[in-house]
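Let's walk through this one together, starting with the overall form and then moving on to the side chains. Have a look at the model before reading on.

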Amino acid sequence: EKRAEAEEARLRAEADAALQQREAALFEEAATKLAARENALRAEAERTLAAAVGELQQKAEATERELRAELDRVNKLANERSQELGALRAEERKLQEALQKAGQALEASRKEAAAADKSHEAALKE
């Protein structure tokens, strides 16, 4: 009976050891699978992030190109308007000068008319 108990205890110990080994192997397998899954998810997240960053960078570059083109267009229009304004100011100066000359000519003409009128009156008196 003691021999049977000892044999049963030995078998139980072997079964416990085998069970512990099996549990350890299953735990190691699960940990390996979990690490592999974590690595796969991390790699997928990095690819997704890299793709999103690339897309945002392309959009930012396209927006920058559009804004630079718009700025160039606005600057070109501003230069054209500045040139037009310069031409208008030069034309205004010419017109002012012509107006001043016309005013001087009118004044001279009035003086001549007044002198002619006095000369005419003097001639009539004689």
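Start with burial: buried residues make up 0% of the 126 residues in the protein chain. Keep in mind that this is a predicted model. The cut-off for buried is under 20% relative accessible area.

What about secondary structure? The protein chain has 1 helix and 0 strands. Its radius of gyration is 53 Å, well over the 14 Å that the globule rule gives for 126 residues, so the chain is more spread out than a compact globule.

Now for the charges. The protein chain carries 23 positive and 28 negative side chains. How far apart do the centres of the two sets lie? They are 5 Å apart. Some of these charged side chains pair up, and the count comes to 12 salt bridges.

Take Arg12 and Glu8, whose side chains meet in a salt bridge at 2.5 Å, N to O. The two residues are 4 apart in helix α1, which covers residues 2-125, so about one helical turn separates them. Arg12 is exposed, with a relative accessible area of 51%, while Glu8 is partly exposed at 41%.

Further along, Lys33 and Glu29 also form a salt bridge, this time at 3.2 Å, N to O. Being 4 residues apart in helix α1, Lys33 and Glu29 are again separated by about one helical turn. Lys33 counts as exposed because its relative accessibility is 55%, and the cut-off for exposed is over 50%. Glu29, at 39%, counts as partly exposed.

What is the spacing between Arg73 and Glu70 in helix α1? These two are 3 residues apart, and that too amounts to a separation of about one helical turn. Their side chains meet in a salt bridge at 2.6 Å, N to O. Here Arg73 is partly exposed at 44% relative accessibility, and Glu70 is partly exposed as well, at 38%.

Finally, go back towards the start of the numbering. Glu7, Arg10 and Glu14 are linked in a network of salt bridges.

Note on methods: Residues numbered from 1 in each chain as written. Predicted model: local features only at pLDDT ≥ 70, side-chain atom pairs only at ≥ 80, totals over all residues. Heavy atoms only, no water. Rg over C-alpha atoms; globule rule 2.2 N^0.38 Å. Buried < 20%, exposed > 50% of the residue type's maximum accessible area, 1.4 Å probe, protein only. Lys, Arg positive; Asp, Glu negative; His and termini not counted. Charge placed at Lys NZ, Arg CZ, Asp CG, Glu CD. Salt bridge = Lys/Arg side-chain N within 4 Å of Asp/Glu carboxyl O.
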